[in-house]
Amino acid sequence: MLPWVVRRTRLPLLSLRCVDCRSGSATTGAGRFRVNANGKLLDVWLLVRCTSCDRTSKLTVHERVPVRSVDPVELRGYRVNDPELVASKLLDPRLARRNRFALDWTGAWRLDARSAWPEGAWPVRVQVVFADPVPVRPERLLAEGLGLSRKEVLRRTRCAIPLRRPTSTGFTSTVVAGD
(Lines give C-alpha, C1' and ligand atoms only; values in the text may rest on other atoms or scores of the structure.)
Protein backbone atom coordinates (compact mmCIF):
# COMPACT_ATOMS: atom_id res chain seq x y z
CA MET A 1 0.00 0.00 0.00
CA LEU A 2 1.23 3.47 -0.92
CA PRO A 3 0.48 6.08 1.80
CA TRP A 4 0.03 9.54 0.29
CA VAL A 5 -0.68 12.83 2.07
CA VAL A 6 -2.22 15.99 0.59
CA ARG A 7 -0.86 19.11 2.33
CA ARG A 8 -1.57 22.80 2.10
CA THR A 9 1.48 24.82 0.96
CA ARG A 10 -0.09 28.24 1.55
CA LEU A 11 -3.46 29.74 2.31
CA PRO A 12 -5.78 29.66 -0.70
CA LEU A 13 -6.86 32.77 -2.56
CA LEU A 14 -10.41 33.99 -2.06
CA SER A 15 -12.83 34.24 -4.96
CA LEU A 16 -14.24 37.58 -3.89
CA ARG A 17 -15.21 40.51 -6.12
CA CYS A 18 -13.36 43.77 -5.37
CA VAL A 19 -15.61 46.85 -5.09
CA ASP A 20 -12.97 49.13 -6.68
CA CYS A 21 -11.42 47.27 -9.62
CA ARG A 22 -13.92 44.37 -9.95
CA SER A 23 -11.09 41.83 -9.76
CA GLY A 24 -12.25 38.40 -8.69
CA SER A 25 -9.59 37.37 -6.18
CA ALA A 26 -8.23 38.46 -2.83
CA THR A 27 -5.64 37.23 -0.36
CA THR A 28 -5.26 37.35 3.41
CA GLY A 29 -1.71 38.63 2.97
CA ALA A 30 0.02 38.63 6.36
CA GLY A 31 -3.21 37.51 8.04
CA ARG A 32 -4.51 40.29 10.23
CA PHE A 33 -7.62 40.65 12.33
CA ARG A 34 -9.36 43.91 13.24
CA VAL A 35 -10.94 43.85 16.69
CA ASN A 36 -13.35 46.56 17.82
CA ALA A 37 -14.97 46.66 21.24
CA ASN A 38 -18.05 48.80 21.72
CA GLY A 39 -18.94 48.62 25.39
CA LYS A 40 -19.50 44.96 26.18
CA LEU A 41 -19.98 43.99 22.53
CA LEU A 42 -17.21 42.85 20.21
CA ASP A 43 -16.72 42.97 16.45
CA VAL A 44 -13.94 40.94 14.79
CA TRP A 45 -13.03 41.08 11.11
CA LEU A 46 -10.45 39.25 9.02
CA LEU A 47 -8.71 41.70 6.71
CA VAL A 48 -8.22 40.65 3.07
CA ARG A 49 -6.47 42.45 0.23
CA CYS A 50 -7.39 42.55 -3.46
CA THR A 51 -4.69 40.90 -5.58
CA SER A 52 -5.00 43.58 -8.30
CA CYS A 53 -5.41 46.96 -6.60
CA ASP A 54 -4.38 46.19 -2.96
CA ARG A 55 -7.68 47.51 -1.58
CA THR A 56 -8.36 46.16 1.92
CA SER A 57 -11.75 44.64 2.72
CA LYS A 58 -13.15 43.05 5.86
CA LEU A 59 -14.71 39.61 6.34
CA THR A 60 -16.96 39.46 9.39
CA VAL A 61 -15.83 36.84 11.91
CA HIS A 62 -17.90 38.02 14.91
CA GLU A 63 -20.49 40.76 14.87
CA ARG A 64 -21.84 42.37 18.02
CA VAL A 65 -21.17 39.41 20.30
CA PRO A 66 -20.75 39.79 24.06
CA VAL A 67 -17.07 39.80 24.99
CA ARG A 68 -17.64 37.06 27.57
CA SER A 69 -19.02 34.69 24.93
CA VAL A 70 -15.67 34.61 23.07
CA ASP A 71 -13.08 32.11 24.29
CA PRO A 72 -10.20 34.05 25.99
CA VAL A 73 -7.55 32.07 24.08
CA GLU A 74 -9.30 32.87 20.79
CA LEU A 75 -9.65 36.53 21.76
CA ARG A 76 -5.90 36.69 22.44
CA GLY A 77 -5.30 35.07 19.03
CA TYR A 78 -7.34 37.84 17.39
CA ARG A 79 -5.31 40.48 19.17
CA VAL A 80 -1.89 39.03 18.24
CA ASN A 81 -2.95 37.93 14.72
CA ASP A 82 -2.20 34.24 15.32
CA PRO A 83 -1.46 32.61 11.90
CA GLU A 84 -3.10 29.32 12.93
CA LEU A 85 -6.28 31.16 13.92
CA VAL A 86 -6.24 33.04 10.59
CA ALA A 87 -5.99 29.71 8.74
CA SER A 88 -8.71 28.03 10.79
CA LYS A 89 -11.12 30.95 10.33
CA LEU A 90 -10.38 31.22 6.61
CA LEU A 91 -11.00 27.49 6.10
CA ASP A 92 -14.25 27.58 8.09
CA PRO A 93 -17.16 27.01 5.67
CA ARG A 94 -19.52 29.07 7.86
CA LEU A 95 -17.29 32.14 7.41
CA ALA A 96 -17.23 31.60 3.65
CA ARG A 97 -21.01 31.23 3.48
CA ARG A 98 -21.65 34.29 5.68
CA ASN A 99 -19.25 36.50 3.70
CA ARG A 100 -20.11 35.01 0.28
CA PHE A 101 -16.70 33.92 -0.95
CA ALA A 102 -15.17 30.70 -2.20
CA LEU A 103 -11.62 29.41 -1.82
CA ASP A 104 -9.35 29.05 -4.86
CA TRP A 105 -6.91 26.21 -4.11
CA THR A 106 -4.95 26.50 -7.37
CA GLY A 107 -1.26 26.09 -6.52
CA ALA A 108 -1.93 26.01 -2.78
CA TRP A 109 -1.39 22.29 -2.14
CA ARG A 110 1.05 19.46 -2.84
CA LEU A 111 0.93 15.69 -2.86
CA ASP A 112 3.49 13.95 -0.67
CA ALA A 113 3.90 10.60 -2.38
CA ARG A 114 7.29 9.58 -1.00
CA SER A 115 6.71 5.85 -1.23
CA ALA A 116 8.01 4.38 -4.45
CA TRP A 117 6.79 1.10 -5.82
CA PRO A 118 8.56 -1.19 -8.24
CA GLU A 119 7.46 -0.65 -11.84
CA GLY A 120 5.19 -3.49 -12.86
CA ALA A 121 4.06 -4.31 -9.31
CA TRP A 122 0.38 -4.17 -10.23
CA PRO A 123 -2.20 -3.86 -8.80
CA VAL A 124 -1.24 -0.84 -6.69
CA ARG A 125 -3.22 0.06 -3.60
CA VAL A 126 -3.14 3.76 -2.70
CA GLN A 127 -4.29 5.30 0.57
CA VAL A 128 -4.73 9.09 0.45
CA VAL A 129 -4.95 11.15 3.65
CA PHE A 130 -5.74 14.87 3.73
CA ALA A 131 -3.73 16.89 6.28
CA ASP A 132 -5.81 19.96 5.35
CA PRO A 133 -9.29 20.22 3.79
CA VAL A 134 -8.05 20.74 0.22
CA PRO A 135 -10.77 19.82 -2.31
CA VAL A 136 -9.07 17.81 -5.08
CA ARG A 137 -10.40 15.37 -7.66
CA PRO A 138 -9.12 11.85 -6.85
CA GLU A 139 -8.36 11.17 -10.52
CA ARG A 140 -5.97 14.14 -10.52
CA LEU A 141 -4.18 12.93 -7.39
CA LEU A 142 -3.77 9.40 -8.75
CA ALA A 143 -2.61 10.65 -12.15
CA GLU A 144 -0.02 12.93 -10.57
CA GLY A 145 1.24 10.35 -8.07
CA LEU A 146 1.41 7.39 -10.46
CA GLY A 147 2.53 9.25 -13.58
CA LEU A 148 -0.50 8.15 -15.59
CA SER A 149 -2.93 10.15 -17.69
CA ARG A 150 -6.31 10.96 -16.18
CA LYS A 151 -7.99 8.82 -18.79
CA GLU A 152 -5.80 5.85 -17.79
CA VAL A 153 -6.59 6.45 -14.12
CA LEU A 154 -10.33 6.47 -14.80
CA ARG A 155 -10.08 3.24 -16.78
CA ARG A 156 -7.85 1.34 -14.36
CA THR A 157 -8.97 2.50 -10.90
CA ARG A 158 -11.38 0.77 -8.52
CA CYS A 159 -12.55 3.13 -5.79
CA ALA A 160 -15.58 3.52 -3.51
CA ILE A 161 -15.86 7.28 -4.14
CA PRO A 162 -16.48 9.12 -7.44
CA LEU A 163 -13.15 9.92 -9.10
CA ARG A 164 -14.37 13.01 -10.95
CA ARG A 165 -15.90 14.76 -7.93
CA PRO A 166 -13.66 16.85 -5.63
CA THR A 167 -13.15 15.43 -2.17
CA SER A 168 -11.29 16.56 0.93
CA THR A 169 -11.64 13.35 2.89
CA GLY A 170 -9.26 10.40 2.79
CA PHE A 171 -9.87 7.43 0.52
CA THR A 172 -8.32 4.15 -0.60
CA SER A 173 -8.24 2.96 -4.18
CA THR A 174 -6.75 0.14 -6.23
CA VAL A 175 -5.13 0.73 -9.61
CA VAL A 176 -4.92 -2.41 -11.75
CA ALA A 177 -2.44 -3.23 -14.52
CA GLY A 178 -3.08 -1.84 -17.97
CA ASP A 179 -3.89 -3.95 -21.02
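Start by selecting V126, which sits opposite S173 of strand β10. You are looking at a predicted model, in which local features need pLDDT of at least 70, side-chain atom pairs count only at pLDDT 80 or more, and totals for chains, interfaces and linings use all residues. Residues are numbered from 1 along each chain as its sequence is written, and side-chain values use heavy atoms, with hydrogens and water left out.

Now widen the selection to β8 (residues 124-130) and β10 (residues 171-175), an antiparallel pair with five bridges. Strands here are DSSP runs of E with at least two residues, helices are runs of H or I with at least four, and both are numbered from the N terminus; two strands pair if DSSP finds at least two bridges between them.

Next, pick out W4, V6, W109, V126, V128 and L141, the residues with the most contacts inside the largest nonpolar core, which has 22 residues. Such a core is a set of buried Ala, Val, Leu, Ile, Met, Phe, Trp, Tyr and Cys residues joined through side-chain atoms within 4.5 Å. Two or more residues each come from β1, β7 (109-112), β8, α4 (138-146) and β10. A second, separate core of 20 residues includes A26, V65, V86 and L95.

Move on to the open sheet of five strands, ordered β5-β4-β3-β2-β6 with antiparallel pairing. β5 (56-66) and β6 (102-104) are at the edges with a single partner strand each, so one side of each has no neighbour in the sheet. Along the β2 (residues 13-15) and β6 pair, joined by three bridges, find L14 and its bridge partner L103.

Finish at T28 in β3 (residues 25-38). T28 is buried, at a relative accessible area of 7%. Beyond its neighbours within four places in sequence, T28 is in contact (heavy atoms within 4.5 Å) with L11, L14, L46, L47, V48 and L90.

Technical notes: Buried < 20%, exposed > 50% of the residue type's maximum accessible area, 1.4 Å probe, protein only.
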